[in-house]
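Subject: Structure for you to look at

Hello,

Here is the structure I said I would pass on. Please open it first, then read my notes below.

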Amino acid sequence: MRVWDRLVRLLHWTLVGSIALAWLSTLGLGIVKWHEPAGYVALAVVASRIAWGFAGGHYARFTQFVRGASATARYAREVAAGHEPRYIGHNPLGGWMVVALLLCVAATATTGWLYTTDMFWGEEWLDQLHQALAWAVLVLASVHVGGVVFTSIRHQENLVSAMFTGNKRPAGGDDVA
Ligand code: HEM
Ligand code: HEM
């Protein structure tokens with residue numbers, strides 16, 4: 001069944017590419033001129049994805065996958081006990097990770113931009129904050145990929161290829177559609 005629409009998939013892989021480029025450009029490979037453009041692309045992707053979270057189709061909407069504290073805690077207990085249901089959209093923990101990633105990328109790119117303005121240029125604390133946020137994006141993304149691999153194994157489906165094709169195995173009896 002179709003789960004991730006074209007725009008969700010395009011935005012996801014553009015975001016991954018732009019953040020990878022923003023990071024790589026800081027490693028002294030002679031591509032530092034790509035740092036700011038890559039960061040602005042990441043910011044534009046986040047803004048688009050947030051708009052799509054209100055205007056997009058069923059599985060793209062925040063109201064579909066951002067769950068309350070008690071539902072999220074229950075899901076975490078079910079994962080720990082090894083009997084969590086399969087979700088067709090983002091599961092409750094994955095949903096909060098989506099929110100955290102979007103906010104953290106937005107904060108990273110915004111602090112990077114501010115550092116280039118006349119008002120904040122040379123402010124040491126802002127430079128430090130920008131770099132700390134950039135590291136937080138890396139840590140969150142690593143946990144995110146860990147969660148994707150874990151859930152793929154638990155439910156015997158390749159979630160990474162689903163983010164390319166948009167399709168997942170249809171909902172079965174106990175699945176949360
Ligand atoms: C900088 C790195 C990354 C960021 C910021 C990021 C961000 C996101 C976001 C915002 C979503 C939600 C998609 C949506 O509803 O629009 C998502 C989902 C997803 N991402 Fe990433 N991602 C990153 C890296 C990766 C990588 C490297 C992989 C694969 C190896 C990956 C695989 C996935 C998959 C499979 C989903 C769907 C999860 C599900 O089935 O619920 N992500 N990611
Ligand atoms: C989300 C994307 C971004 C990531 C992951 C990121 C990451 C980083 C990292 C890791 C550094 C430290 C580099 C070093 O110490 O050599 C850095 C520095 C910097 N970034 Fe970003 N950045 C992003 C977006 C932006 C944007 C949008 C701008 C501005 C338009 C920007 C402007 C800068 C500047 C000016 C520095 C140098 C600060 C200094 O001289 O110490 N960044 N960024």
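**The shell around ligand 2**

In this predicted model, ligand 2 is surrounded by 21 residues, the closest being Ala22, Thr26, Gly39, Gly112 and Ala134. A residue is near a molecule if its C-beta atom, placed from the backbone, lies within 6 Å of it. Two or more residues of this shell come from each of helix H1 (6-24), helix H2 (35-55), helix H5 (92-115) and helix H6 (124-154). Helices are DSSP runs (H or I, at least four residues), numbered from the N terminus. H5 gives the largest share, six residues.

By class, the shell around ligand 2 has 11 nonpolar, eight polar and two charged residues. Ala, Val, Leu, Ile, Met, Phe, Trp, Tyr, Cys and Pro count as nonpolar, Asp, Glu, Lys and Arg as charged, and the others, Gly among them, as polar.

**The shell around ligand 1**

Around ligand 1 there are 21 residues, and the closest are Ile19, His90, Ala141, Leu159 and Met163. The elements that give two or more residues here are H1, H5, H6 and helix H7 (159-165). The largest share of this shell, six residues, comes from H1. The shell around ligand 1 divides into 16 nonpolar, four polar and one charged residues.

**How the helices pack**

Two packed helices are described by the angle between their axes and the distance between the axes. Axes are lines fitted to C-alpha atoms, for helices over the stretch in contact, and angles run from 0 to 180 degrees between N-to-C directions.

The axes of H2 and H5 come within 9 Å and cross at roughly 140°. That makes H2 oblique to H5 (angles under 35 degrees count as roughly parallel, over 145 as roughly antiparallel, 65 to 115 as roughly perpendicular and the rest as oblique). On the H2 side, the contact is made by Gly39, Tyr40, Ala42, Leu43, Val46, Arg49 and Ile50, and on the H5 side by Leu102, Val105, Ala106, Ala109 and Gly112. Two residues are in contact if their C-beta atoms, placed from the backbone, lie within 7 Å. Nine residues in the contact of H2 with H5 are nonpolar, two are polar and one is charged.

H5 and H6 pack with their axes 9 Å apart, at an angle of about 155°. They are therefore roughly antiparallel to each other.

**Notes on the model**

Residues are numbered from 1 along each chain as its sequence is written, while chains are lettered from A and ligands numbered from 1 in the order in which they are written. Because the model is predicted, local features need pLDDT of at least 70 and side-chain atom pairs count only at pLDDT 80 or more, whereas totals for chains, interfaces and linings use all residues.

Regards
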